[in-house]
Amino acid sequence: MTKIRQDFENIKFEQPVYQLVGEKNKQLDMVPFASASSLEQLLGQVTIEDVQKHIETVFSAAYFKMLVVGNFKPAEAVDAAQQVNQMLKSQPLPAHSHVPSRMVNIEPGHYIYRHMGEDPNMLNNAVVATFYCGMVTNPKDRTTMALLLQIIDDQFFDQLRTKEQLGYNVGASTNSFGSGKLALKLRVEGESNPTYLLQHIDSFIHGFRQTLVEFNTVKFDALVESIASKANEQLTSVDAEANRMWTPIEEATYDFARLADEVESLQKVKVDDVLDMWDRYINPQTAVTYTRVDSQLWAAKTSYPSSTDMTTWPESILALAGCLETCQYPMANSTQMIDETASGWSKIKNALNMAMHPHNQHALQDSETNFTHVEMYQTMEGKWVITDVDKFKATQALFEMPVPVIKLTPVCRPNEIAISPTLLENYEAKLKIFFAKHIHEDEEIRFVLEGHGFFDVHDKADSTYKLGIGNWMKIIESECLPGKTIAQMNLQTQRMLGQQGTAEFNGLHVDALQIGQINEMRQGPEIRRKNNCIVNMGGKLTREEVERRRKEHRAKFEVAEDVWTSIVLPRPDNSLVLLDRKREEMKCLAKELGDVVAHIAAIEQTESLDQVTGTKRPHE
């Protein structure tokens, strides 16, 4: 308990800007979300008895996601997942108990999200200006945002860190989750008060549009090529592949083609697209749906403006007041004191200049929602100050988390085929392939959109039922499973039996699936499974033990001879003969259908004539 409490306590001492981009912003953007402080408060209510009871019931009902990476077929991956489920012995978690995280759809407006630092020794303040732009589900928006980040990051750092010396942690980043909005984040951490830092971000935003207008097309093409090359890099490890695939699983989008879509979209994005995104979402002079949140973390030693201050004075005056308060000018000959005094006067000069020439001239429209009922208030500039994040989120809509069904089947990309002489290339040759008996190794889903057809499916168990387990050459000679090797048939038999050892069943005419069901129910410390099959935990079975078990299985499981001899194994017919037969059947069906349609038309014509003449006839 002490260790957990200490972990929660340590979050308060993280670097200020990382507190904002981490827990503070997640608490604003995500539902549900439990903050470290709320969890810490609950620790005192937890007893050792509660923990013991939780351990006993933690897996009674479960919902888990599993990613299987490596040389596995889909069926083997499903077997692995089922094996995990069998080990946990869990019931499915009810839907109302499994609540996935969703993004808050913050309505357009300019918001201030303030926090007081809990570390009394923290000297630095921090701000993160978040601009919500575009949709995560739109590949063009994602690639445009990636290019914008590449352009803005270096220039933002150069202006606010190198030239203006506002702090050491200065930079830009993007954020996205699930099916919500993309977010551009501009962060600054320094000794100046947060209002002053945000004034400098506003000044940068005001002048950056011209940079995009004048951006060199050759340099832009180089950025596109750089991002595309990185996206197309060959993954060098299974871990890297797993990490790339896990993100869409964690976000519940299951968009495994996301990277490929981005690379395709990247080739079409131009500088004008980046400028359009800037004007549509970020430029305060032009953005129609301007959605921005200024997260602020105030150091304990920095005076924290009250709600009265925020509603009485413009931000530029508050920024100036903060600079005046923190600057002290003792009369001394020390060079250090002179430097500090000069630095202080520089801040005051900048603050005075911004007070007289504010850059954030965006005319904020009145929000459709009045937030005073959740204890929020507006600044002189019309920005809403979030005082209780949970109450604010309760007023906002949530983004849906669409899960396209087709993307839940990680087998292959969907394709649509029209089987018609006029639409299907090499129609006759393709039909021969379709009619020839063949094996589908992977799971496939088929939808018939128009017309009709049939699938002639055979069970692999029929061959072992009739010819006996282990009689692989007889099965091959029977041609009932064309293309199958001995190794493949042996592996499939192991899966049907539910055990790796098959010698004790050799030559027996048994229902392998029935034995597999029995093995599936077997439990105990001596039972060990691999790929859902029971493995032998002892040494190699002696010939005598194998024979003893075979006799036992023959008495218990083997069916009567008249049963397995009556099984007729399918053999692939000649494709051309089968095709001709099916065509004749279709002709007969078409003639029958034509006769029925003609008969119905005759009845309708007779009834119509009777209505005109008034004749009444008994219905046929």
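Lys 163 and Asp 158 join their side chains in a salt bridge, at 3.6 Å from N to O. The term salt bridge stands here for a side-chain nitrogen of Lys or Arg within 4 Å of a carboxyl oxygen of Asp or Glu. Lys 163 is exposed at 58% relative accessibility, while Asp 158 is partly exposed at 30%. For these labels, buried is under 20% relative accessible area, exposed is over 50%, and partly exposed is in between (1.4 Å probe, protein chains only).

## How to read the values

Please keep in mind that this is a predicted model, where local features need pLDDT of at least 70 and side-chain atom pairs count only at pLDDT 80 or more, while totals for chains, interfaces and linings use all residues. Residues are numbered from 1 along each chain as its sequence is written, and side-chain values use heavy atoms, with hydrogens and water left out.

## Salt bridges across the structure

How many salt bridges does a search of the whole structure find? The search gives 18. One of them pairs Asp 273 with Lys 140, with the closest N and O atoms 3.4 Å apart. Because Asp 273 sits in helix α11 (residues 271–282) and Lys 140 in helix α6 (residues 139–163), this pair ties together parts that are 133 residues apart in sequence. Helices (H or I, at least four residues) and strands (E, at least two) are DSSP runs, numbered from the N terminus. Asp 273 is buried at 18% relative accessibility, whereas Lys 140 is partly exposed at 42%.

Lys 391 and Glu 375 also meet through their side chains, at 2.9 Å from N to O. Lys 391 belongs to helix α15 (residues 389–394) and Glu 375 to the loop between α14 (335–356) and β10 (377–378), so the pair links parts that are 16 residues apart in sequence. Lys 391 is partly exposed, at 33% relative accessibility. Elsewhere, a network of salt bridges links Glu 504, Glu 545, Arg 548, Arg 549 and Glu 552.

## Cysteines

The whole-structure search finds zero disulfides, a disulfide being a pair of cysteine sulfur atoms within 2.5 Å. Cys 133 is buried at 0% relative accessibility, and Cys 588 is partly exposed at 44%.

## A nonpolar patch

Val 46, Ile 48, Val 51 and Ile 55 make a nonpolar surface patch of about 340 Å². Patches are made of residues with over 30% relative accessible area and no salt bridge; like charges are joined within 9 Å and nonpolar side chains (Val, Leu, Ile, Met, Phe, Trp, Tyr) within 5 Å. Accessible areas come from the Shrake-Rupley method with a 1.4 Å probe, and for residues only the protein chains shown count as cover. Ile 48 lies in helix α4 (residues 48–57) and is exposed, with a relative accessible area of 53%.
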